Amino acid sequence: LLDTAPPASSRDTPASSLADLTAVMARRPGLDARIVVVGCGIAGLGAAQRLVRRGFRDVRVLEATARSGGRVHTGRLEIGANWIHGPSQENPVFRLACGYNLLDQEAMSEENQAVDVGGHPPFVPSFLSSNGRWLSADVMAPVIQLYTSLLDKCQSFHTTGGEPVESVGEFIRRELPKLAMQEWQDQPAAWDARMAFARTLLKVECCVCGTHSMDHVGLGAFGMYTTLISLHIIPGYEGLIDHMMAELPKDIVSYNRPVKCIHWNESGSALPVRIECENGEMVPADHVILTVPLGYLKKHQNTLLDPPLPLGKKHSIQRMGFGTNNKIFLEFEEPFWEPDCEIIYLVWEDEVGLTDVVTDIRTSWIKKLSGFTVLKPTERYGHVLCGWIAGHESEYMETLSEAEVLHTVTQLIRRFTGNPIIAPRMLLRSQWHSQPYTCGSYSYLPLPLSGSHSKPLQVLFAGEATHPRFFSTVHGALESGWREADRLIHHYDPSPAPLTSRL
């Protein structure tokens, strides 16, 4: 039974089969183990759902905020996650979204699943210059080709070794000008604009990786991330959370329950773990699955667990990268971009060198804004752009008032379009670094937590940052929750073959 994926719902299985399954599960040992999941993001939901479906009867989820979903957060717009990275059968989020009827036929088509985009959306681009002019796509396209080839080279060092420098940023700065001299020597007039666009692409990569600078991303480890083919935007990502919540027992989640400390390895107690909440409530448990974001864990690891984690695990947590990537949504009365445009790159022609950070965050934070994606369809969103900004500049933006951000972005739009009249009529932004239970957006280049879990598996870790290949993604978070649930399932019944990564 344990190596077979259970049905998506009881409607898919004959009543007699469900009765047999229930009878067998009732005889299994350990089903009354008290398991507490900390965090109701997709990792915590995945773990809880898997345990409940395997017959565990005492599962509770403690969520610090008033809602489920974590970094999946949908209002009118997708404040948090909005991509399915790899809409194919390899991706468990894609399979769930299909099962819950959250995707259209085009997204589920075999053609869409087979498109290899190298981890970046195949958007139709436009290019705006800080000199107030549109740049030719023919002039800019060679930069994308050269830059993409260098990123592919960066990924290869993970398996081949022999990296010549420490970081991806250093490698790009060293190699791109040399290759550009060879490939663009017959087009000197385009040199300055192309190098300026290369700086923009470095800033884009900071958003993709969730880092302040590509100088912080190790060259040898860059290829640890596994890219699934194709990308797809899923409108209303929170619908996935709603469907998963609907399949859990009522009242399994306790909201507004921030955890102050996890007391583990306790002797003389009936249960070895006590979860101390901020409100003073004590929740005893046999096991706890900790799914808090890495940013929160970095900030609170010295007080969140008692006794503290072993030194090797603490060092691993500190070495792992966790940064901020925010969105700035702008709504306009009328579009200033072409109907087929899907992404607008901002090319700062007054900057010097291949840098991805600004010299003065307080006065120049807006220069870290790499560009805008166009939200489509217009019938759903209106004329809306989504700006992307990462790093310390993004964190500084969060400290400003909405009026200040709107003013700065309006001046930016007017400068780049050369039109002093254009102004957005609405601004909405994410503020992930300021969120007290998140402290950032997502991880980059994680190192596996040192050491192995020792029985009786009192504290287990899940979340996107703990996945060795799909860190920073929703499907990585989901698989990590399944992984830790599987540890407990097999702890109590080790005889079956390992579970597959399916619900």
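The structure is a predicted model, in which local features need pLDDT of at least 70, side-chain atom pairs count only at pLDDT 80 or more, and totals for chains, interfaces and linings use all residues. Residues are numbered from 1 along each chain as its sequence is written, and side-chain values use heavy atoms, with hydrogens and water left out.

**The chain as a whole**

- The protein chain holds 16 helices and 20 strands; helices (H or I, at least four residues) and strands (E, at least two) are DSSP runs, numbered from the N terminus.
- Of its 503 residues, 54% are buried, where buried means under 20% relative accessible area, exposed over 50%, and partly exposed in between (1.4 Å probe, protein chains only).
- Among contacts (heavy atoms within 4.5 Å) with a separation of 6 or more, 75% are between residues 24 or more positions apart.
- The accessible surface of the protein chain is about 21,800 Å², and carbon and sulfur atoms supply 53% of that area; the areas come from the Shrake-Rupley method with a 1.4 Å probe, and for residues only the protein chains shown count as cover.

- The mean pLDDT, the predictor's confidence in each residue from 0 to 100, is 85 for the protein chain, and 83% of the residues score at least 70.

**The parallel sheet**

- An open sheet of 5 strands runs in the order E7-E2-E1-E11-E20, with parallel pairing; two strands pair if DSSP finds at least two bridges between them.
- Strand E7 (253-254) and strand E20 (459-461) are its edge strands, each pairing on one side only.
- Strand E1 (residues 34-38) is joined to strand E11 (residues 287-290) by 4 bridges, and Val36 stands opposite Val288 in E11.
- Helix H16 (residues 474-492) packs on this sheet, touching E1, E11 and E20, and its direction makes about 160° with that of E11; axes are lines fitted to C-alpha atoms, for helices over the stretch in contact, and angles run from 0 to 180 degrees between N-to-C directions.

**The mixed sheet**

- Another open sheet has 4 strands in the order E10-E9-E8-E12, and its pairing is mixed.
- Strand E10 (282-285) and strand E12 (305-306) each have a single partner strand, so one side of each lacks a neighbour in the sheet.
- Strand E9 (residues 273-277) pairs with E10 in the antiparallel sense over 4 bridges, and Arg274 stands opposite Pro284 in E10.
- Helix H10 (residues 294-304) packs on the sheet, touching strand E8 (259-263) and E12, and its direction makes about 55° with that of E8.

**Helix H2 and Leu45**

- Helix H2 (residues 42-53) is largely enclosed by the rest of the structure, because 11 of its 12 residues are buried.
- The buried residues of H2 include Ile42, Leu51 and Arg53.
- Gly55, which follows H2, has a positive phi near 100°.
- Leu45 lies in helix H2 and counts as buried because its relative accessibility is 1%.
- Not counting residues up to four places away in sequence, Leu45 touches Cys40, Ile241, Met244, Met245 and Leu248.
- Leu45 and Met245 are 200 residues apart in sequence, yet 7.5 Å apart in space, C-alpha to C-alpha.
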